Amino acid sequence: MSSGILKSLLGFPGSWVLVLSSVLLTIAVVTFPSAVRAARRRLNKSPIPVSVNYFFSRKCNKECGFCFHTAKTSYILSQDEAHRGLRLLKEAGMEKLNIAGGEPFLYPNFLGAMLRFCKESLHLRSVSIVTNGSKVTENFLKEYGQYIDILAVSCDSMNEKTNIAIGRGDGNNVKQLFRIRDWCRKYNIKFKLNTVVCRLNFNEDMFDLVNELAPFRWKVFQVLMVCGENDSEETLRDVRKWEITDEEFAVFCDRHRAIPAFIPEDNKVMASSYLLVDEYMRFMDKGSGKMVESESILDVGVEKALSQVRWDHEAFLERGGIYDWTKEMPVPQKPTAKELAASGSLDW
Ligand code: SF4
């Protein structure tokens, strides 16, 4: 509506009421259907996918020996279809999206458009990315940092030879890690570190360097075997030689427990406690050891697709799935068990 038309409209007595009513009516029409859907899900006690991990592509430029989401396909949805699926998830209650892969930064345009869509159109409370860090650039963060709450970089060792032996290394991982940490500070993104503990690094002492790096969270995972992904000579990776016992994982954890950001996650907690969506927009369940996929959210909707996989909501809460998701909250805060139970939400 041009300002001239608006001015003449507002000149009539009571016309501003008409304009205001139209605006309110438009807002109601846009938001009502998703509010009704969310309310219905709550009444039916269907789990609400508050926090979702979306693996939009399996393609990666690294070859980690323990990878459990291997490049079995090169499929990737069109931008429009990916956005449609994300909108369906938002309407079902998603508040936090974690974008993973593969390596998301192999598709900078696709990734950038998705980040913008998630914040500007879906208004998600939190958007994070998990990356191996090799393709992250300052230019990308300068342009899209405003849409990223958390950037999680995977690095398993402060020893470059170990990183190379694991398959993620190029001799410069630690240097790149510090560089990304600095860019995150510059562009107001929370910097997170992810480490997988396996036979090659469980004896390592990473205390001093992680302390210096000062991530807001340091997620430490026990290496995980997933049937059909990394469990035999037939799969793209065979992790059997790199598995560690629970005791060995505990030894690594004890060495680093004093780091404030340290968050350990053993196999029992990992299996089925994450809500995973693959490159076809299907929920994935790796809880029973073998990966099971639902039908696509794009074909059957979120509720039906979610009912086709096992998702351990309790394990989500147990591992402290909710924390300060957004960049607005400056200090790391772990919620109490009571707060976790009350909010019923989750995180990667
Ligand atoms: S960087 Fe991640 S996705 Fe790529 S091979 Fe390693 S574990 Fe797999």
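Me: Which residues does phenylalanine 66 touch, leaving out those up to four places away in sequence?
Reply: Phenylalanine 66 touches Val196, Cys198, Val223, Asn230, Arg237, Val239 and Trp242. Contact here requires the C-beta atoms of two residues, placed from the backbone, to lie within 7 Å.

Me: Before going on, what kind of model is this?
Reply: The model is predicted: local features need pLDDT of at least 70, side-chain atom pairs count only at pLDDT 80 or more, and totals for chains, interfaces and linings use all residues. Residues are numbered from 1 along each chain as its sequence is written.

Me: Back to the core. Which residues have the most contacts inside the largest nonpolar core?
Reply: Phe66, Leu97 and Leu151, in a core of 73 residues. A nonpolar core is a set of buried Ala, Val, Leu, Ile, Met, Phe, Trp, Tyr and Cys residues joined through C-beta atoms within 7 Å.

Me: And what counts as buried or exposed?
Reply: Buried means 20 or more other C-beta atoms within 10 Å of the residue's own, exposed means 12 or fewer, and partly exposed is in between, with C-beta atoms placed from the backbone. Of the 348 residues of the protein, 39% count as buried.

Me: How many helices and strands are there?
Reply: There are 14 helices and 10 strands. These are DSSP runs numbered from the N terminus, with helices (H or I) of at least four residues and strands (E) of at least two.

Me: What is the order of the sheet?
Reply: E7-E6-E5-E4-E3-E2-E1-E8-E9-E10, an open sheet of 10 strands with mixed pairing. Strand E7 (262-265) and strand E10 (292-296) are the edges, each pairing on one side only. Two strands pair if DSSP finds at least two bridges between them.

Me: How many bridges join E2 to E3, and how many pair E1 with E2?
Reply: E2 (residues 96-100) and E3 (residues 126-131) run parallel and are joined by 4 bridges. E1 and E2 are also parallel, over 5 bridges.

Me: Is E3 buried or exposed?
Reply: 6 of the 6 residues of E3 are buried, so the strand is largely enclosed by the rest of the structure. Ser126, Ser128 and Val130 are on one side, and Val127, Ile129 and Thr131 are on the other. Strand E1 (residues 51-55) is also largely enclosed, because 4 of its 5 residues are buried.

Me: Switching to the ligand. Which residues are around it?
Reply: Cys60, Lys62, Glu63, Cys64, Cys67, His69, Gly101, Gly102, Glu103, Asn132, Ser154 and Arg168.

Me: What about the peptide bond from glycine 101 to glycine 102?
Reply: That bond is cis, with omega near 15°. Glycine 102 is in the loop between E2 and helix H4 (108-121).

Me: Where is glycine 169?
Reply: In the loop between helix H6 (160-166) and helix H7 (173-186). Glycine 169 counts as buried because 22 other C-beta atoms lie within 10 Å. Its C-alpha atom is separated by 8.8 Å from that of cysteine 64, 105 residues apart along the chain.

Me: Now helix H9. Which residues are buried?
Reply: In H9 (residues 246-256), Phe249, Phe252 and His256 are buried. They cover an arc of only 60° around the axis, which puts them on the same side of H9. The arc is taken over the directions from the helix axis to the C-beta atoms. Asp246, Glu247 and Asp254, on the other side, are exposed.

Me: What do the buried ones pack against?
Reply: Strand E5 (190-197), helix H8 (207-213), strand E6 (217-222) and E7.

Technical notes. A residue is near a molecule or strand if its C-beta atom, placed from the backbone, lies within 6 Å of it.
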